[in-house]
Amino acid sequence: MLEPARQIFPAHVLFLLATGCAGPAGEDSEKLAASTAKATTDRIATRTSHSATGAVREPEQPTPPGRTHYMGREIAQTMHWRGATWLMRKTREEEEHASRLMEALHVKEGQTVCELGCGNGYHTLRLAKRVGPSGKVLAVDIQIEMLKFLEKRLAEQDISNVEKILGTLADPKLPENSCDMILLVDVYHEFSHPEMMLAAMRRALKPKGRLVLVEFRSEDPGVPIKRLHKMSKKQINKELLPNGYRLAEEFDELPWQHVMMFERDEK
Ligand SMILES: C[S@@+](CC[C@H](N)C(=O)[O-])C[C@H]1O[C@@H](n2cnc3c(N)ncnc32)[C@H](O)[C@@H]1O
């Protein structure tokens with residue numbers, strides 16, 4: 001007979017439970033998540049003077065302590081790089097319709113787009129094909145291990161228009177006024193410094209550039225993801241609008257996720 005958990009959740013959701021992304025919070029997954037957050041902070045503390053490409057940067061201000069809550073929402077722990085294979089699971093296209101998401105983004109050849117919180121690059125590789133050789137993808141993550149996985153995949157597929165950037169919890173290290181789009185898939189709810197990240201991303205957007213949030217729908221109990229890793233539209237608007245963004249477009253055709261596209265609010 002199956003264990004009780006197996007009777008409730010399919011195999012991929014059990015994996016999520018183990019990696020801290022879905023289902024009810026177990027003590028072990030919370031411990032793993034907490035140790036990840038600490039390890040991430042430690043790593044950043046020792047690496048803030050270098051970019052992922054090795055270029056030396058000016059000394060920086062230390063990252064201030066992170067929040068546990070923001071505007072009534074409890075912030076989720078960072079997904080550990082050890083769970084990265086889940087991001088490449090075979091069922092992902094069927095569950096999330098990533099191809100439909102790509103179409104809805106209307107990315108054009110020659111654009112500069114960013115995948116922020118790129119993980120091991122599930123969407124980055126697709127974006128790289130869309131912008132073509134005359135465009136560029138800035139792939140940002142705070143876990144060097146994720147960027148190394150991405151690097152390997154880029155080499156395997158001979159993709160050369162992706163620039164990897166090791167960000168910090170509060171600073172994605174993006175050049176100002178550089179991005180036609182910044183895409184965050186299953187990432188925003190993990191930000192421990194949401195205001196600083198929103199301000200930095202706003203500075204990085206071109207005047208008509210878009211910040212796109214893709215978040216699992218918390219309004220829908222049928223979406224098999226942990227509560228803290230889901231967000232409602234109401235909460236997303238509550239957090240984005242006072243931080244200098246206006247909602248420009250929504251795409252409601254994905255099975256599990258909201259797609260909310262914001263532009264800079266110049267008012
Ligand atoms: C659940 S994974 C999603 C990865 C990828 N977007 C995807 O859909 O396959 C979340 C990623 O966001 C990254 N992340 C969390 N906070 C971040 C921050 N402040 N800046 C950059 N990346 C961050 C984590 O390290 C992790 O790789």
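In strand S5, Lys 164 is the bridge partner of Ala 139. The chain passes from S4 to S5 through helix H8 (residues 144–156), and this β-α-β crossover is right-handed; that is, with the strands pointing away from the viewer, the path from the first strand over the helix to the second runs clockwise. Strand S4 (residues 136–141) and S5 run parallel and are joined by five bridges, where two strands are taken to pair if DSSP finds at least two bridges between them. The structure is a predicted model, in which local features need pLDDT of at least 70 and side-chain atom pairs count only at pLDDT 80 or more, whereas totals for chains, interfaces and linings use all residues. Residues are numbered from 1 along each chain as its sequence is written.

The protein contains ten helices and ten strands; helices (H or I, at least four residues) and strands (E, at least two) are DSSP runs, numbered from the N terminus. Of its 267 residues, 40% are buried. A residue counts as buried if 20 or more other C-beta atoms lie within 10 Å of its own, as exposed if 12 or fewer do, and as partly exposed in between, with C-beta atoms placed from the backbone. Among contacts between residues at least 6 apart in sequence, 70% join residues at least 24 apart, a contact being a pair of C-beta atoms, placed from the backbone, within 7 Å.

Strand S3 (residues 112–116) is largely enclosed by the rest of the structure, because five of its five residues are buried. Thr 112, Cys 114 and Leu 116 point one way from S3, and Val 113 and Glu 115 point the other way. S3 pairs with S4 in the parallel sense over five bridges, and Val 113 has Val 137 as its bridge partner in S4. S3 also runs parallel to strand S6 (residues 179–185), to which three bridges join it. On that side, Val 113 stands opposite Met 181 and Glu 115 stands opposite Leu 183. S5 has a covered face, formed by Val 162, Lys 164 and Leu 166, and an uncovered one with Glu 163 and Ile 165.

S3, H7 and S4 form a right-handed β-α-β unit. Seven of the ten residues of helix H7 (residues 122–131) are buried, so the helix is largely enclosed by the rest of the structure. Among the buried residues are Tyr 122, His 123 and Val 131. Gly 132, which follows H7, has a positive phi, near 70°.

Of the 23 residues around the ligand, Met 79, Gly 117, Gly 119, Tyr 122 and Val 185 come nearest; the criterion is a C-beta atom, placed from the backbone, within 6 Å of the molecule. H7 and S4 each supply at least two residues of this shell.

In S6, six of the seven residues are buried. S6 and strand S7 (residues 205–217) run parallel and are joined by six bridges, and Val 185 has Val 214 as its bridge partner in S7.

The largest nonpolar core has 54 residues, and Ile 182, Leu 183, Leu 184 and Val 212 have the most contacts inside it. S6 gives the most to this core, with six residues. Such a core is a set of buried Ala, Val, Leu, Ile, Met, Phe, Trp, Tyr and Cys residues joined through C-beta atoms within 7 Å. Not counting residues up to four places away in sequence, Val 212 touches Leu 105, Met 181, Leu 183, Leu 184, Val 259 and Met 261.

Notes:
Contact = placed C-beta atoms within 7 Å.
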